[in-house]
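Here is a friendly walk through one structure, written for someone meeting it for the first time. Have a look at it, and then let's go through it piece by piece.

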Amino acid sequence: MMSVYNDILSAKAKKKKLLAILIDPDNFNLNIISQFADKINKSIITHVFVGGSTVEKEETEQLVKALKPLVNLPIVLFPGDVTQIAKNADAILFLSLISGRNPKYLIEKQIEAVSILKNTNLEVIPTGYILIENGKETTVQKVTETQPIPVNMLQLVADTAKAGELLGKKLIYLEAGSGALHPVPLKIIEAVKKDLGIPLIVGGGIRSKAQLDAAYYSGADIVVIGTAFENDINFFNELKL
Ligand SMILES: CC(C)=CCC/C(C)=C/CC/C(C)=C/CC/C(C)=C/COP(=O)(O)OP(=O)(O)O
Ligand SMILES: O=P(O)(O)OC[C@@H](O)CO
Ligand SMILES: [Mg+2]
């Protein structure tokens with residue numbers, strides 16, 4: 001049986017860096033899906049994440065259904081809400097927003113998700129989700145009514161990530177927010193990495209190969225890029241540089 005998480009762990013052990021493309025079913029044009037899938041298949045992308053802050057299950061399921069026969073990569077749900085649990089994906093990042101103090105996103109949505117997950121074979125990956133300030137208010141911030149952690153509070157971010165690990169999370173996701181002005185600062189990635197035993201995902205505002213490599217160099221095991229691909233399909237070429 002394929003295990004998305006075990007594959008992430010072995011990649012980390014081999015120091016092989018992973019790249020996820022984030023596809024937001026809300027913004028994706030299904031008419032260009034074969035062209036898009038072809039670009040994914042010819043790129044260094046290793047995972048497809050599917051999610052958005054305001055998407056319905058039908059849209060998510062439809063996108064996964066269309067994508068599955070076209071790409072041979074794990075399709076992982078990155079849900080903003082329980083309405084995005086689509087059983088035809090391979091795995092789900094079971095997020096808890098541990099930078100925030102809103103019980104809805106810390107535990108209530110997760111409780112709501114249990115009965116839905118029962119009817120699926122999705123691999124559930126417990127993930128501590130940490131929002132970092134990026135210079136502008138993000139959708140996730142608005143939707144969750146939480147504050148991101150300020151960029152100068154390095155120790156707080158590192159301790160939050162470590163607390164997530166000690167609580168049993170299998171992944172930590174450092175998020176600057178979709179379309180962030182500034183990606184997660186490298187100093188923060190380094191500070192978190194120093195003491196973390198589990199794989200680290202970094203996303204938000206990464207728009208160049210140089211930023212991608214810098215995130216890897218600072219300690220990201222998986223980088224997530226969405227907006228750069230959404231804005232310009234030629235971003236696939238940038239990755240080849
Ligand atoms: C446990 C389950 C199933 C649900 C709860 C999930 C939690 C806690 C989510 C955390 C908060 C949240 C709203 C995350 C959104 C993650 C996401 C898909 C971000 C990317 O979306 P954007 O690109 O910002 O969305 P738009 O482009 O639609 O604004
Ligand atoms: O869209 P971008 O800015 O690449 O961000 C990706 C992801 O981290 C957003 O949740
Ligand atoms: Mg987006």
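Predicted model: local features only at pLDDT ≥ 70, side-chain atom pairs only at ≥ 80, totals over all residues.

## Around ligand 1

Let's start with the shell around ligand 1, whose residues divide into 12 nonpolar, 11 polar and four charged. As for labels, residues are numbered from 1 along each chain as its sequence is written, while chains are lettered from A and ligands numbered from 1 in the order in which they are written.

Ligand 1 is surrounded by 27 residues, and the closest are Gly51, Gly52, Gly80, Thr139 and Ser178. Being near a molecule here takes a C-beta atom, placed from the backbone, within 6 Å of it. Strand S4 (91-97), helix H4 (103-117) and helix H5 (139-144) are the elements that give two or more residues to this shell. Helices (H or I, at least four residues) and strands (E, at least two) are DSSP runs, numbered from the N terminus.

## Around ligand 2

Ligand 2 has 14 residues around it, with Ser178, Gly203, Gly204, Gly226 and Thr227 coming nearest. The elements giving two or more residues to its shell are strand S8 (222-225) and helix H9 (227-231). Sorted by class, the shell holds six nonpolar, seven polar and one charged residues.

## The barrel

Now for the strands: eight of them form a closed barrel, running S1-S2-S3-S4-S5-S6-S7-S8 with parallel pairing. Two strands pair if DSSP finds at least two bridges between them. On average, neighbouring strands of this sheet are turned by 30° against each other, direction ignored. S1 and S8 run parallel and are joined by four bridges, and Ala20 stands opposite Val224 in S8.

Helix H6 (residues 154-166) lies across strand S5 (123-131) and strand S6 (171-175), running at about 160° to S5. H7 touches S6 and strand S7 (200-203), and its direction makes about 165° with that of S6. Those angles run from 0 to 180 degrees between N-to-C directions, and the axes are lines fitted to C-alpha atoms, for helices over the stretch in contact.

UniProt, in an unreviewed entry, puts the feature "binding site" at Asp24 and Ser53. They are spread over 30 residues of sequence, yet they cluster in space, with a largest C-alpha distance of 8.6 Å. UniProt positions are given in the numbering used here, feature names are shortened, and annotations may be inferred rather than shown by experiment.

Asp24 sits in the loop between strand S1 (18-23) and helix H2 (33-41). Is Asp24 buried or exposed? Asp24 is buried, because 22 other C-beta atoms lie within 10 Å. The rule is that a residue is buried with 20 or more other C-beta atoms within 10 Å of its own, exposed with 12 or fewer, and partly exposed in between, with C-beta atoms placed from the backbone. Ser53, in the loop between strand S2 (47-50) and helix H3 (57-67), has 19 such atoms within 10 Å, so Ser53 is partly exposed. Leaving aside neighbours within four places in sequence, Ser53 is in contact with Gly80, Thr139, Val140 and Val143. Contact means that the C-beta atoms of two residues, placed from the backbone, lie within 7 Å.

Gly179 lies in the loop between S6 and H7 and is partly exposed, with 17 C-beta neighbours inside 10 Å. Not counting residues up to four places away in sequence, Gly179 touches Gly205 and Thr227.

Gly204 is in the loop between S7 and helix H8 (209-218). Gly204 counts as buried because 27 C-beta neighbours lie inside 10 Å. Beyond residues up to four places away in sequence, the contacts of Gly204 include Asn134, Glu175 and Pro183.

Methods:
Nonpolar A, V, L, I, M, F, W, Y, C, P; charged D, E, K, R; others polar.
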